[in-house]
Amino acid sequence: MSEVTDTTSSMMHNYPLISAIVAFAIAQAIKFFTTWYKENRWDPKQLVGSGGMPSSHSATVTALAAAIGFHEGFGGPLFATALVLACIVMYDATGVRLQAGRQAELLNQIVFELPAEHPLAESRPLRELLGHTPPQVIAGGVLGLITAGIGYLITMASS
């Protein structure tokens with residue numbers, strides 16, 4: 001039992017992990033409240049869904065990479081690994097996932113225009129909000145940097 005307690009305790013003091021989780025939560029909360037403000041309705045899907053402003057994926061991996069850099073140093077292999085991972089995730093968000101979302105939008109429009117007797121006319125629409133525009137990815141990255149920076153200042157003050 002002591003081993004489980006030690007693991008939980010060490011995870012609660014894992015500044016890079018906490019920074020990543022907090023950045024994700026903030027990004028999703030921003031999407032949730034933005035939807036409420038713009039559309040005057042609560043949409044719980046915004047708390048876990050992909051797409052939108054800011055990119056929670058970008059915020060998460062940027063916060064993780066920056067926190068590792070602050071904690072372990074920016075010259076080591078751990079930061080290099082986290083930075084490469086962050087770049088891949090952000091590239092994917094604006095590339096493959098964004099294009100897949102745009103294709104889904106076109107396919108949904110085609111299916112919508114099919115005659116009612118067509119076998120695909122009643123098919124469930126594809127998810128369109130999959131990827132991110134470059135501004136959404138940049139905003140997520142900035143959010144991740146700010147989150148990691150504030151987390152670093154907090155850990156330095158408590159040391």
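Predicted model: local features only at pLDDT ≥ 70, side-chain atom pairs only at ≥ 80, totals over all residues.

Student: Which residues of α3 meet α4?
Tutor: On the α3 side they are H57, S58, V61, T62, A65, I68, G69 and E72. Their partners in α4 are L78, F79, A82, L83, A86, V89 and M90. By class, this contact has ten nonpolar, four polar and one charged residues.

Student: At what angle do α3 and α4 pack?
Tutor: The angle is about 165°, and the axes are 9 Å apart. Angles over 145 degrees count as roughly antiparallel, so α3 is roughly antiparallel to α4.

Student: Is that crossing left-handed or right-handed?
Tutor: The crossing of α3 and α4 is left-handed.

Student: And what about α2 and α3, how do their axes cross?
Tutor: Helix α2 (residues 15–39) and helix α3 (residues 56–72) cross at roughly 155°, and their axes come within 8 Å. These two helices are therefore roughly antiparallel as well. Their crossing is right-handed.

Student: New topic: how far apart are the end C-alpha atoms of α2?
Tutor: They are 36 Å apart, which agrees with the 36 Å that its 25 residues should span at 1.5 Å a residue.

Student: What follows α2?
Tutor: N40 follows, and its phi is positive, near 55°.

Key:
Residues numbered from 1 in each chain as written. Heavy atoms only, no water. Axes fitted to C-alpha atoms, helices over the stretch in contact; angles between N-to-C directions. Helix = DSSP H or I, 4+ residues; strand = E, 2+ residues; numbered from the N terminus. Parallel < 35°, antiparallel > 145°, perpendicular 65-115°, else oblique. Left-handed = near helix turned anticlockwise from the far one by under 90°. Expected span 1.5 Å × (residues − 1). Contact = heavy atoms within 4.5 Å. Nonpolar A, V, L, I, M, F, W, Y, C, P; charged D, E, K, R; others polar.
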